Amino acid sequence: MRGVRPGEGAVHVGQQRDSSRVPIEAFDQAPAGVLVTRGEHHRLLYTNDAFQAMFGDRPVGVPLREGLRDVLEQDTLAVLDEVWKTGETVRLDEVSVTVGRSGDPPERLFRMSLAGIPLHDGESGLLAVVQEVTAQVAAARRVSVMEKELRRLRRRYQSIVWAGVHGVWVTGPHGESRESHGWQRLTGQTQEESLGHGWMRVLHPEDRAHAEEWWDKAVEQAASLSEVIYRVRTRDGVYRHIRFRCVPVRENGAVVEWVGTSTDVEQEWQEERRRRVLDLAAAAASDITNLEEMCQALADVVVPELADTCDIHLLPEPNGGLPHARTVVAERLCCAVREGLPRLPMLQEHYSAEALRQAVGQRRPAHMSFPRGHPPFLYPEAVRTWIAEIGAHNTVILPIVVEGEVAAVVTACVCGDRPPISPVDIDLMGQILDHTHDAISNALRFRRTQRVALALQHSLLAEPPHVPGLELAARYQASPTAAEIGGDWYDAFVVPCGAVKLVIGDVAGHDLAAAVCMSQVRNMLRALAVDRDESPGDVLRRLNTAMETLNGESIATCVLTRLERDGEGVWRLKYSVAGHPPPLLVTGEGEGRFLQDADNPLLGLHHDQPWISSVRPLPPHSTLLLYTDGLVERRGEDLGEGLERLRRCAEPLAREPLGRFCDELLTGMPMAGEDDVAMIAVRVPPEGRYEGVTS
């Protein structure tokens, strides 16, 4: 028997003195440690194998204060005394033992149950059942520490998540909402309203179909991280751009749900759009000088990014004639409409002065909302019909200021279910105009200069005079690019002696200065040709002297001809060429040749040699053509190739009426379109028909 001295006999314990006795050796093989004491001094009576394995062999009969002094602390001994006195059962969950055997942990923890028991000889004692719980407590402590760390990490993660997002949500595999946090605060939807696909009802109408399609594709692709931006109607009714990011949760390889966040990126999106739109506007204006093309490019930037329609109108006079004009007639330069909307009729338009007064008078945007299809200002009938058809309900008018005056206005509209143009978008339109101001200003100034030059040029291109016996025809074609104005001109007049003089010329340059110089040269040449009866070469010599004296920086080319009939009725041509392409003579039989016997230097260059003239008879029914280089020159091609092409094109037209002869050359010649073209042609009558001008 464990812990019983030899000769002491069997020891029995029991709950009551009259109850059946339990042999104490029954505890020998118990899995828990068992300790029995006797009396108030708690003398050691018995320990089983498990106890001895825990604490070693302890001497029997010795008070526990001595026998277990290295094991029990004073607090535990006090509990033993209390249990012996009261008889109540006490459980100690974590009894710490700091002294252990070699190899044991430095601190060992035990669970101890204490109860008073009667002994066989009528005395009382204590029964202690001991279990080591070091591993369990350590594990529990580790779990507790892990739980605390997990809670700390969860709080940290939530703080990080909520610091950068406005909502966290869980959806099914096809985007059906199951749980959301922050969505209600953002949109005003209740939890019940957002469940399933209800959350999509607050997406912008144009984004809903895309959202459904996106979720279907997301299930198929199941990317590790997916991202998309939708416009979401917030609780105050305004749409904002929200970025949705989510990751899939898979089971057995299939996506069963998505966990994601939603973040308001309106400011980021607006800034990115601002940069993109301004870059597009700058690119649109960088390589274009034609006003109409530039304005169309800018309107195409505004639509559909900022509005559904955009048109730009040119005011006929600075500030549209305000404040005196009651109605302003504006010329539409361009129009852009969103895909699916009908095109706007290209008309000159009449605006009521009230609609423009704020924008033009104050030189700042005017913003108006109105019932769908019913703007509060006058429009032509066709335009009013178009506005009603598209359902326009909001418009902004922005002035374009050039050199301190409003030269044009931009009108942008939205229609249908699209919300009114926001102040942010109005400001962005203003930034577009600011960023392209120089290009627009240059194009507007160029257009005005071009119109002045064209008006001047056309005023100097008079109709050829009527000369009995001769056919005369002239043509002028501005450059198809409409980007330049040349100094080309033609002229025809009858001098006092009765001879007919034809002129073709070209002043260097493509601007208003060239057109002004052309008018000066043309008028000087007329005066010199009429002043004296001399050869064309002498007239050009005096013209060259006058140009050197009056305008030493101008250079021009010219062909001056004099047509008259001799005493035998034969038409003769006297001509002189100053750096100009040679005249072309086409006989009535369709044979063409260039007249190259009277070449002289360019006008405007110093030349102290005699100026050459040449004389050639004109066969009956022949055609003489004078033209400018725009008819024959092409970039990168030798001039001789262009001249030969002109000859081949003109020969088949020898018998055509003279007007058609000129028109066919304009349409049949493959011109580069980079220069204006002027031409004047004369056809002498057939043989036997010499009535008219005589020498």
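Predicted model: local features only at pLDDT ≥ 70, side-chain atom pairs only at ≥ 80, totals over all residues.
Residues are numbered from 1 along each chain as its sequence is written, and side-chain values use heavy atoms, with hydrogens and water left out.

**Entry: cavity**

I took a cavity as a set of points, on a 1 Å grid over the protein atoms alone, where a 1.4 Å probe fits but cannot get out; lining residues have an atom within 4 Å of a point. Grid points are joined across faces, edges and corners, and a volume is the space filled by probe spheres set on the points. For the largest cavity I noted a volume of about 90 Å³. Its lining consists of Trp169, Thr171, Gly175, Ser177, Ser180, Trp183, Trp199, Trp215 and Phe244. I sorted these residues into five nonpolar, four polar and no charged, with Ala, Val, Leu, Ile, Met, Phe, Trp, Tyr, Cys and Pro as nonpolar, Asp, Glu, Lys and Arg as charged, and the others, Gly among them, as polar. Strands β8 (167-171) and β9 (177-181) each contribute at least two lining residues.

**Entry: sheet**

Helices (H or I, at least four residues) and strands (E, at least two) are DSSP runs, numbered from the N terminus. Two strands pair if DSSP finds at least two bridges between them. I traced an open sheet of five strands, ordered β9-β8-β12-β11-β10, with antiparallel pairing. β9 and β10 (226-233) are the edges, each with a single partner strand, so one side of each lacks a neighbour in the sheet. On average, neighbouring strands are turned by 25° against each other, direction ignored. β10 pairs with β11 (residues 239-251) over eight bridges in the antiparallel sense, and Ile229 stands opposite Arg243 in β11.

Axes are lines fitted to C-alpha atoms, for helices over the stretch in contact, and angles run from 0 to 180 degrees between N-to-C directions. Helix α7 (residues 205-221) packs on the sheet, touching β8, β10, β11 and β12 (254-264), and its direction makes about 155° with that of β10. Helix α8 (residues 266-286) lies across β11 and β12, at about 115° to β11.

**Entry: Leu127**

I located Leu127 in strand β7 (residues 124-132).

Notes: 1 Å grid on protein atoms, 1.4 Å probe; cavity = no way out; pocket = protein on both sides within 12 Å on 5 of 7 lines; lining within 4 Å. Contact = heavy atoms within 4.5 Å.
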